[in-house]
Amino acid sequence: MKFPKEVRRHCPKCKKHTAHTAAEAKRKGAGSARPLARYGKKRTGYGKGTGNLGRYGSKPAINKFKLTGKKLSKNVDIRFTCKECKKSHVFNNTFRAKKFEMV
């Protein structure tokens, strides 16, 4: 999908319609796993032994019932920066797009 680099929008800070520059925001990842956290993934000994082990317990017989791999389209996160007050705000009405480019 093609999206314009500059748009006239309502600025909540200025409380009027001004020119805004649009930019795609970089999404942050979940971060690295903390191995010493309580019930962390890498904690030794967890997932072994008797009793209900939750999601670390026995696996299903057939493992092909779930869709694997990454999603084909991602939610686009657009940030608008007001040219007058330099305040930026996020575009709340997000949409899914396979390909996204600023024109």
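In this predicted model, a salt bridge joins the side chains of Glu6 and Lys83, with N and O 2.8 Å apart. Glu6 belongs to strand S2 (residues 6–11) and Lys83 to the loop between S5 and S6, so the contact ties together parts that are 77 residues apart in sequence. The structure holds three salt bridges.

**Salt bridges**
- Glu6 is partly exposed, at 48% relative accessibility, and Lys83 is partly exposed at 40%.
- Lys16 and Glu84 form a salt bridge in which the closest N and O atoms are 3.4 Å apart.
- This pair links distant parts of the chain, with Lys16 in strand S3 and Glu84 in the loop between S5 and S6, 68 residues apart.
- Glu84 counts as exposed at 52% relative accessibility, whereas Lys16 counts as partly exposed at 41%.
- Asp77 and Arg79 meet through their side chains in a salt bridge of 3.5 Å, N to O.
- Asp77 is buried at 11% relative accessibility, while Arg79 is partly exposed at 37%.

**Strand S5 and its faces**
- In a regular strand, side chains alternate between the two faces of the sheet.

**Strand partners of S5**
- S5 pairs with strand S3 (residues 16–24) in the antiparallel sense, over five bridges.
- Arg79 in S5 stands opposite Ala23.
- S5 also runs antiparallel to strand S6 (residues 88–90), joined by three bridges.
- Phe80 has His89 in S6 as its bridge partner.
- The hairpin of S5 and S6 has five residues between the strands, and Lys86 there takes a positive phi near 60°.

Technical notes
Residues are numbered from 1 along each chain as its sequence is written. This is a predicted model: local features need pLDDT of at least 70, side-chain atom pairs count only at pLDDT 80 or more; totals for chains, interfaces and linings use all residues. Side-chain values use heavy atoms; hydrogens and water are left out. Two strands pair if DSSP finds at least two bridges between them. Helices (H or I, at least four residues) and strands (E, at least two) are DSSP runs, numbered from the N terminus. A salt bridge is a side-chain nitrogen of Lys or Arg within 4 Å of a carboxyl oxygen of Asp or Glu. Buried means under 20% relative accessible area, exposed over 50%, partly exposed in between (1.4 Å probe, protein chains only).
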